[in-house]
Every structure is written in C-alpha cells, then in structure tokens.
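Please keep the structure open while you read these notes.

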Amino acid sequence: MIGNKAVARGMYEAGVAVVSSYPGTPSTEITEEAVKYDEIYCEWAPNEKVALEAAHGASLAGKRSACCMKHVGLNVAADPLFSISYIGLDAGLVICVADDPGMHSSQNEQDSRHYAIAAKVPMLEPSDSEESRVFTKQAFEISEKFHTPVFIKMCMRVCHSQSIVNPEPRIEREPIPYVKDQSRVMLPAQARKAHIKVEQRTNDLIDFAETSTLNRIDEGSDKSIGFITSSTSYQYVKEVFGDKHPVLKIGMINPMPEKKIVDFASSVERLVVVEELDPIIENHCKILGLKVEGKNLFPMVGEFSQAVVRKAMGLEEKKSLAIEDAIPPRPPVMCAGCPHRGLFYVLSKNKCNVYGDIGCYTLGSFAPLNAMDLNVCMGASLSGIHGFNKARGEEYSHKMVGVIGDSTFVHSGMTGLADIVYNNSASTVIILDNSITGMTGHQQNPTTGYNIKGDPAAKINLEALCHAMGVNRVRVVDPYDLEATDKAVKEELAADEPSVIITRRPCALLKSVKKLPPLKVNAEKCTGCKSCMKIGCPAISVRPLEQGAKKSLAHIDSTQCVGCGVCVQMCKFGALGE
C-alpha cells in the first residue's frame with residue numbers, strides 16, 4: 001500500500017466512525033481510501049478548520065474520528081487546534097497532516113512539527129506504510145489514554161511510496177457516553193485550569209515516550225557515530241549505513257524522550273541528527289545539553305535522499321545511470337481544453353494585474369500567458385485586491401482582478417468578498433467555476449452538487465450567494481467564448497462598485513464531460529503566424545511543413561485536443577477547424 005492508504009487502513013482497524021477532511025496534496029488519498037470502508041462516514045468539509053471542528057464534535061459524541069489535511073491546511077485548522085488541546089476529548093481524535101519537503105505541490109516548506117510543540121499535542125511520525133498503519137492505531141490509543149488529539153505527521157515520500165503492510169481485522173467500539181461537563185467551556189477561569197492539566201499531560205507523555213516502542217534503538221557495531229533520526233530520513237540513513245552504526249529512531253516526535261536520548265548519546269562517540277527541514281530534534285538535544293551535529297552538515301531546505309546523506313557524511317557518491325543529453329525544462333501547464341485558459345488569455349491581452357489564488361489556475365502564471373502577479377494562500381486573492389485597491393484607488397482598481405476557484409471560494413473566499421462588499425471596494429472578483437476541486441485530483445465540494453461518494457447533495461448557487469452578500473453586479477460567462485469573456489472583463493473593471501464574474505465551464509478532464517472531435521490544421525490556410533500559440537495549449541505546436549522547409553505550420557496533437565475551439569477564435573485565417 002501507499003502510505004496514505006495504510007493510514008486509512010489503520011483508521012478502519014481502529015474502529016474509526018467519522019472522517020472529515022479537506023483535500024490537499026499529498027494528504028488527499030487518506031480520505032479517498034477511507035471512504036471505501038462502509039463502516040466509516042467520510043466527508044469533504046469546506047475547509048480544514050471546519051473539518052477539525054467536525055471531527056472533534058464526533059469525538060465528544062463518543063466515536064473515534066479523524067481529519068486530514070496538508071501542511072498549509074493546518075494553518076487554517078490552527079484556531080480550533082489550540083483550544084481542543086485545552087478542552088480535551090472523549091473518543092480518540094487523530095489529525096493527519098502531510099508535509100511537503102521539496103515543495104512538489106505546495107507554496108512553502110513549513111514544518112508541521114512546530115504546531116505539535118506549540119499546541120502541546122503529541123505527534124507520531126511513521127517512516128513507511130506499515131508504520132503508517134500501526135502508528136495510526138496507536139495514535140487512537142494514546143489519544144484516549146491522555147484525552148488529547150494526536151497528530152500523524154506524514155510527508156510526500158511516505159504518503160506516496162509503497163511498502164508491505166500486514167492488515168488486521170477491524171475492532172468495533174461502543175460509543176463513549178456523553179457527559180455534560182461545563183469545565184470544557186473555555187472561559188478564562190476554565191482555560192487557566194485547563195492549561196495546568198495540559199502541562200501535566202505533557203510531562204506524562206514524556207514519561208510515556210521514554211519506554212514506548214514508538215522510539216526504538218537499532219544497534220550497530222561501530223559506535224564512532226550514532227544517528228538520531230525520524231521519518232524518511234531514517235530510511236536514508238539505513239540504506240547508506242545499514243547496521244554499521246547505532247540509530248535512535250524517533251517515532252513520537254512530540255514530546256520526545258529525554259533520558260532515552262541522553263543515554264543513547266553517552267553510548268556513542270559522535271552524535272548526528274538527520275532530519276528534513278527544521279532542527280527540531282537537534283534543538284531538543286541541545287536543550288538536553290548534548291553535543292550534537294545536524295544542520296551544520298545537512299541542508300535546511302528541500303527533500304533528503306540517500307545521496308544527500310552520503311554527501312553530508314563525507315562519503316563518496318555512488319555512480320548511477322545518467323542521461324548524457326541535457327533535458328529541456330518542462331514547466332507545468334494547464335491541460336488541453338482547460339476552461340481557465342481562455343480567461344487568462346483575455347486577462348493577459350488586457351494587461352490586467354491579477355491577484356491569484358491556490359488551484360489549477362495558478363498555472364496561468366507561466367508563459368506564454370504570464371497572467372498572474374501574486375498568490376499567497378487559499379482565499380487571499382479577494383482580501384488582497386481589496387487592500388490593494390483601497391491603498392491605490394482608481395489607479396489600479398480598473399485594471400486589477402482577483403481570481404479564485406469555486407472550491408477555494410467556499411473554503412475561504414467568501415469572507416474576502418464580504419470585506420469587499422461591506423467596505424464598498426470597487427474590486428472585480430472572478431470565480432473560476434470548473435465544477436470540481438481540480439488541482440488535488442477531482443474531489444467534490446459544496447458547489448458541485450455531489451458528496452464524497454458521488455451521491456447527489458445540496459449545491460451552493462454561486463450567483464445567488466454573491467447577490468445575497470450584497471454584490472449587485474454578478475454575471476456568468478463561458479470562458480471558451482473569448483469575445484464574451486473579454487466584454488465581461490472590460491465592463492466589470494470599468495464599474496465603480498464591487499462586481500463578480502463567474503466563468504463557468506466544467507474541467508475538461510471530468511469523465512462526465514463529452515469530448516469533441518480533435519481539431520485539425522488546414523495547411524493551405526495556415527500562414528505560420530503562431531497566433532494560436534499565444535494561449536499556451538499543450539496540444540498545439542509549430543512544426544516545419546517538411547524536412548528542411550523554411551516555413552513552419554501549426555500542428556495539433558489529436559491525442560490531446562478536446563475540441564474546445566479556443567484556438568479557432570485566435571486564427572484570423574480560418575486555418576483551424578474540424
């Protein structure tokens with residue numbers, strides 16, 4: 001199993017009843033796998049904050065629950081997290097967070113271990129799929145024993161790599177009876193008492209960490225070096241050194257043991273910490289007064305590998321197969337037929353300043369469209385253009401737009417729109433409604449009309465919602481229609497009041513979307529002007545008419561083209577068509 005599937009299996013075996021999540025790579029498959037078990041109620045929540053609150057509610061109702069998110073999603077869930085740490089819980093609650101060292105699909109490399117430390121919540125860190133399954137089950141036991149949420153911290157490599165697991169049967173659990181307890185109402189007087197309990201809980205968890213099998217020592221014959229490590233870094237150390245040197249593998253990353261680490265350090269001549277991103281283990285060792293090496297050898301950024309470990313430890317790099325020819329860069333692009341392409345072409349043509357958001361449409365920042373200036377985090381495009389336009393007024397408000405996807409708008413964009421309307425900001429918002437949560441692999445959301453299982457569900461009407469929030473100017477356009485899209489953008493940018501454009505066209509990759517026949521190039525009409533190349537469609541290229549010919553003509557890859565017709569509108573010579 002991949003690590004994510006193994007976590008879902010661990011939830012199933014642990015008797016979990018409720019999982020509420022928001023999709024985010026590399027965590028998404030945990031919930032997608034969990035929903036395959038009929039015994040578990042699963043849902044996509046509008047955002048991570050809501051997901052954690054829903055999961056905590058299920059825990060208070062006496063049922064084991066979980067929620068899943070990527071590392072930046074934990075920022076959104078941080079508000080309830082800190083209070084839940086004080087309030088505690090009844091049935092087990094596990095929070096799965098997936099970090100992304102190397103930023104394979106993320107805007108930053110933040111280290112989620114800081115949240116566990118700050119919120120005083122235990123965190124377990126598996127290093128392969130079997131540990132992902134086992135640690136998830138143990139996390140629920142710890143959660144109920146200490147009345148605390150417990151983190152399972154994954155990373156991209158563990159999430160998506162496969163290794164052998166040993167599935168076990170599910171254990172059904174009777175719900176824990178709900179007992180009214182007003183000490184959980186976090187008024188200041190109650191919160192002060194709760195904080196004392198949290199500190200005692202941390203001390204108890206440190207004692208637990210000293211003897212827990214989550215933290216183990218792999219003996220080695222050569223004690224000139226001893227490694228302390230965790231997660232995939234453990235795998236890299238073992239692959240490079242095998243059983244030569246002792247290794248203390250930290251499976252419970254917060255709180256960490258103290259005596260166990262001190263005793264291990266005293267048994268080796270040189271102590272080296274190997275951990276991705278921030279020096280969490282290293283700093284813990286220094287607080288214990290140990291002489292330790294870590295970030296003086298290993299980088300603070302990026303994903304580790306066996307080669308990184310070998311180089312840092314001064315070993316000769318192993319020779320590997322290499323491609324001699326230089327490989328040209330291949331930047332990510334929007335798919336052929338992507339409905340966002342037409343809009344971004346129009347925005348680029350009109351020289352608009354574009355405050356972007358998080359989703360497939362972030363790819364509109366690449367050449368040849370170059371149609372995005374900024375992006376920060378989920379929902380920031382709307383709040384951002386409001387602040388920008390209030391600061392600079394008409395100088396920018398008539399050429400700046402905020403773009404946001406349908407799922408992201410529901411996630412955290414509505415409050416930004418409320419700010420725009422309430423404070424009378426002449427800002428133009430464009431909601432890119434492609435009928436799905438696209439970037440993370442086609443998950444449903446409250447605007448699609450279907451739930452996580454694909455069953456019919458209530459559907460948010462974006463037009464009605466925007467009107468209800470006080471927006472007078474709301475219009476819907478088909479982004480495949482360049483003329484209509486251009487007209488809408490020009491007219492709404494000229495308005496001196498808040499306005500919303502909804503570009504509505506389903507994602508071209510949806511199974512429910514009927515593909516049109518691929519377009520063809522009429523070689524007699526094509527002049528090789530390359531106008532069709534301005535939209536950056538991966539199905540279109542320019543090739544020589546024949547070997548050695550000076551003239552190059554447009555070429556359409558029939559295996560990629562979905563017949564959207566946007567390029568047809570670009571050609572002044574009628575060279576493109578069916």
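1. Start with Glu394. Glu394 sits in helix α15, which covers residues 394–397. Bear in mind that this is a predicted model.

2. Is Glu394 buried or exposed? Its relative accessible area is 59%. Exposed means over 50%, so Glu394 counts as exposed.

3. Now look for Asp496. In sequence, Glu394 and Asp496 are 102 residues apart. In space, their C-alpha atoms are 8.8 Å apart. Find both residues on the model.

4. Turn to the pockets. The largest pocket has a volume of about 750 Å³. Its lining is made up of 39 residues. Nearest its centre lie Lys70, Ile358, Gly359, Met378 and Met439.

5. Which elements give two or more residues to the lining of the largest pocket? They are α4 (71–87) and α16 (406–422). The largest share, four residues, comes from α4.

6. The lining of the largest pocket has 21 polar residues, 15 nonpolar residues and three charged residues.

7. Next comes the second largest pocket. It holds about 490 Å³ of space. There are 20 residues in its lining. Closest to the centre of this pocket are Ile436, His442, Gln444, Gly454 and Leu510.

8. How do the residues of the lining of the second largest pocket divide by class? Eight are nonpolar, eight are polar and four are charged.

Note on methods: Residues numbered from 1 in each chain as written. Predicted model: local features only at pLDDT ≥ 70, side-chain atom pairs only at ≥ 80, totals over all residues. Heavy atoms only, no water. 1 Å grid on protein atoms, 1.4 Å probe; cavity = no way out; pocket = protein on both sides within 12 Å on 5 of 7 lines; lining within 4 Å. Points joined across faces, edges and corners; volume = space filled by probe spheres on them. Nonpolar A, V, L, I, M, F, W, Y, C, P; charged D, E, K, R; others polar. Buried < 20%, exposed > 50% of the residue type's maximum accessible area, 1.4 Å probe, protein only.
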